[in-house]
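Good morning, and thank you for coming. Please look at the sequence and the structure while I take you through a few regions in turn.

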Amino acid sequence: MSVALDPATAKPLDPAIEKIALERYVPPKKPSLVGLSRAALAEALGAVGVAPAQQKMRAQQLWHWLYVRGATDFEQMTSVSKQLRRMLAEHHTLDRPQVVAEQISVDGTRKWLLRLPGEHPGENPHEVECVYIPETDRGTLCVSSQVGCTLNCSFCHTGTQRLVRNLTAGEIIGQIMVARDRLGEWLGVERVKGPGLPTEGDRLITNVVMMGMGEPLYNFEAVRDALLVVADGDGLAISKRRITLSTSGVVPMIARAGEEIGVMLAVSLHAVRDELRDQLVPLNRKYPIAQLLEACRNYPGLSNARRITFEYVMLKGVNDTDADAKALVRLLAGIPAKINLIPFNPWPGTTYECSDWERIEKFSEIVFNAGYASPVRTPRGRDILAACGQLKSATEKLSARERLALRAMAMTD
Ligand code: SAH
Ligand code: SF4
């Protein structure tokens, strides 16, 4: 058997720290055009017989139908000749990931459960969830990068899932396509109405956070390719300033993320001492705090206007003392930073508890007095997710996805 390799360093994996992601899915016989870059669209056009001189222009047309108008049927593409539409439909679809459930909270939070192709019939479905969190002046979409996660952070339910598979770039973009479909946010399409949707500005999805399931920097190429499509100003057009990638600290990939993607960075710090972080985020044994912060200091494009968000989950009696808060502030000195305190969302079987509210307030006061705005987000969508992280869903199996959604609630910035 071949040795499993670390996706960041290509050295053998330490199974105590991480699992290996499988590429266990069979792409559909007729691939979807949804999620393709301009270059890939031009290639697909070439494959159905479009002459090289025409490919760029035709790709631009397709781009517009896909990412501005959200076309779901080739017949909608009226600026494309009938013959080309027919050729494309013979070889491709405009499919998005399949939506298997939708829940809408009274506060407007929406979540979609998406099913992705697996390897063989009968195996556990590959499912991810995507969550939309509207506020008056913004709408944030929380997107997944993997089914499950190769890392095993001890407080995170996703980490307990055994099956891990990387999403394709198309499946990552597909989450945004689905959200736009369900919200009616396409040129020429009627928008949904309902409580809680943003009332300021003219867009429903203004921000994307890679804070769903998975470690985005362990699926680097797909995440990069997807986010570059998402940020393209002529298409989905969500600017890089409004896209945040959250990492548990894959140090060797942080500079590349800045250079090749250029979105905002969030780092799951959660502890100020290596000894504790080793337990909470086992990847810390590979890339300890000092190395992680050094990579942060060198993050391309970092400035006071483009700060790194440090995420800190509030765990009762574990990382929540005044001394921890003071050490946190000291640790981040000199790094343009924001601090995001996340109330822990408990899940069945966890031994951690969320810090008491007074403790979170005291912690946040210390951080605030040191000059950081430290928003603590109230969970959203309580009715569809239930209080304190206990979504009452049909089966216990849903709990991984509940965690994801609940986390997202706490994460909008
Ligand atoms: N894998 C990436 C991104 C997804 S997790 C990462 O770890 O950064 C998004 C955030 O939710 C991370 O900061 C993660 O540590 C946090 N998180 C995970 N489980 C949580 C839980 N049960 N309660 C609160 N936050 C949690
Ligand atoms: Fe993976 Fe992030 Fe959960 Fe850690 S916190 S197990 S990196 S999803």
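Let me begin with a definition: two strands are said to pair if DSSP finds at least two bridges between them. With that in mind, please note that this is a predicted model. Strand 1, residues 98-104, pairs with strand 2 in the antiparallel sense, and 6 bridges join the two. As one example of such a bridge, valine 99 has leucine 114 in strand 2 as its partner. The two strands form a hairpin, with 5 residues between them. In that turn sits glycine 108, whose phi is positive, at about 95°.

Next, the largest pocket. Its volume is about 700 Å³. Which residues of the lining are the closest to its centre? They are Ser32, Val34, Thr168, Gly170 and Glu171, out of 31 lining residues. By class, the lining holds 16 nonpolar, 7 polar and 8 charged residues.

I turn now to ligand 2. The residues around this ligand are Cys149, Leu151, Cys153, Cys156, Gly159, Gly214 and Ser248. How many of the residues in this shell are charged? There are no charged residues; the shell has 4 nonpolar and 3 polar ones.

Two single residues remain. The first topic is leucine 22, which is found in the segment before helix 1. Leaving aside residues up to four places away in sequence, leucine 22 touches Leu163, Val164, Arg165 and Asn166. Leucine 22 and threonine 150 are 128 residues apart along the chain, yet their C-alpha atoms are separated by 9.8 Å.

The second topic is aspartate 234, which lies in the loop between helix 5 and strand 8 (243-247). Which residues does aspartate 234 touch, not counting those up to four places away in sequence? They are Arg38, Trp63 and Val68. From C-alpha to C-alpha, aspartate 234 is 9.4 Å from glutamine 60, although 174 residues separate the two in sequence.

Thank you for your attention.

Terms used:
Residues numbered from 1 in each chain as written. Chains lettered and ligands numbered in written order. Predicted model: local features only at pLDDT ≥ 70, side-chain atom pairs only at ≥ 80, totals over all residues. Heavy atoms only, no water. 1 Å grid on protein atoms, 1.4 Å probe; cavity = no way out; pocket = protein on both sides within 12 Å on 5 of 7 lines; lining within 4 Å. Points joined across faces, edges and corners; volume = space filled by probe spheres on them. Nonpolar A, V, L, I, M, F, W, Y, C, P; charged D, E, K, R; others polar. Near = heavy atom within 4 Å. Helix = DSSP H or I, 4+ residues; strand = E, 2+ residues; numbered from the N terminus. Contact = heavy atoms within 4.5 Å.
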